Amino acid sequence: MTMVVIAVKKIIFDMHLAIIWKVFDGIKFEIEKNILQLRAYFMSGENQLKKELLLFYGKDRPYQSFAGRGFEDVPFLRNSDDRFKIIKENLTARKGTLLDIGANLGYFCHKFEDEGFDCCALEENRMLSYFIEKLKKAANKSFKVIPQSIFNYKKNEKLVFDVVLALSVFHHFLKSKEAYFNLIIFLKRLEAKELFFEPHLPREFGGKIFYKNYTPEQFVDFIIQNSCFKKVEFVGKSEGGRPIFKFSEK
Ligand SMILES: C[S@@+](CC[C@H](N)C(=O)[O-])C[C@H]1O[C@@H](n2cnc3c(N)ncnc32)[C@H](O)[C@@H]1O
């Protein structure tokens, strides 16, 4: 009996800690966002959103290029046009729902909304989610922004989409045992007709020790073993040499 009471107390204590942490995190984000907005307001230039983006990234470059107008001169790490072209040319679906996991700045949701898809941008990072929402409004788009980790999104439910994009994101989950097993749980919840997957290249992990370091082929086998997908094909290579695979149900 005492053991049960101790276990229940521990669960309640952990739940309280999680709530306090969530509230604290929310306040921290609001403060950071307001400071950024204020600094951008006093910076020279007309485009408030562009100024906020430049301040947020500082000396770094945004990961993705921008799909919206007015940001053509902002440098970025990855030109995403080539990946968009590869995926578009290999899509079986012509319309339906599309989930972009780790949407970053929402480039692919902008592009696939233009193609007639009902898109969801799922992004764990709150500041990136804020920017996705702002860039979406500036471009007059209507896709949904979900500021959440893929592991917490509709927890314990099936995730039903026509098309899913997992571009340069799943390899982050090879870093720890916990994330690796969360990825397996997520894959088992996924019910999609097509999945486009871009893995990392093993050499990119350098000398760092991760829980797993799959080659693209091993990563593909791992997805087949843990998901609803039965078929996989290589559909192209992006600019940095990362391969893109298409998974389908049959
Ligand atoms: C390397 S970037 C790739 C961005 C985009 N998919 C692309 O290929 O252009 C990885 C993105 O995934 C996001 N991310 C990482 N872990 C995540 C998680 N558990 N749930 C949702 N997004 C996540 C990061 O914040 C980041 O924006």
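1. **Basis.** This is a predicted model, in which local features need pLDDT of at least 70 and side-chain atom pairs count only at pLDDT 80 or more, while totals for chains, interfaces and linings use all residues. Residues are numbered from 1 along each chain as its sequence is written.

2. **Domains.** The protein chain splits into domain 1 (2-42) and domain 2 (81-248), with bounds from an automatic or database domain assignment. Taken over C-alpha atoms, their centres are 27 Å apart.

3. **The sheet.** Seen in order, the open sheet of 7 strands reads S3-S2-S1-S4-S5-S7-S6, with mixed pairing (strands, E, at least two residues, and helices, H or I, at least four, are DSSP runs numbered from the N terminus; two strands pair if DSSP finds at least two bridges between them). Strand S3 (144-146) and strand S6 (231-237) each have a single partner strand, so one side of each lacks a neighbour in the sheet. S2 and S3 run parallel and are joined by 3 bridges, and Ala-121 stands opposite Val-145 in S3.

4. **Helix H4.** In H4 (residues 107-114), 7 of the 8 residues are buried (20 or more other C-beta atoms within 10 Å of its own; exposed means 12 or fewer, partly exposed in between, with C-beta atoms placed from the backbone). Among them are Tyr-107, Phe-108 and Phe-112. The buried residues of H4 pack against helix H3 (81-90), strand S1 (96-101), strand S2 (117-122) and strand S4 (159-167) (contact: C-beta atoms, placed from the backbone, within 7 Å). Gly-116, with a positive phi near 100°, follows H4.

5. **Two asparagines worth a look.** Asn-104 is not a glycine, yet has a positive phi of about 60°; Asn-104 lies in the loop between S1 and H4 and is buried, with 22 other C-beta atoms within 10 Å. Asn-140, also not a glycine, has a positive phi of about 60°. Asn-140 sits in the loop between helix H5 (126-138) and S3, and is exposed, with 7 other C-beta atoms within 10 Å.

Methods: Two residues are in contact if their C-beta atoms, placed from the backbone, lie within 7 Å.
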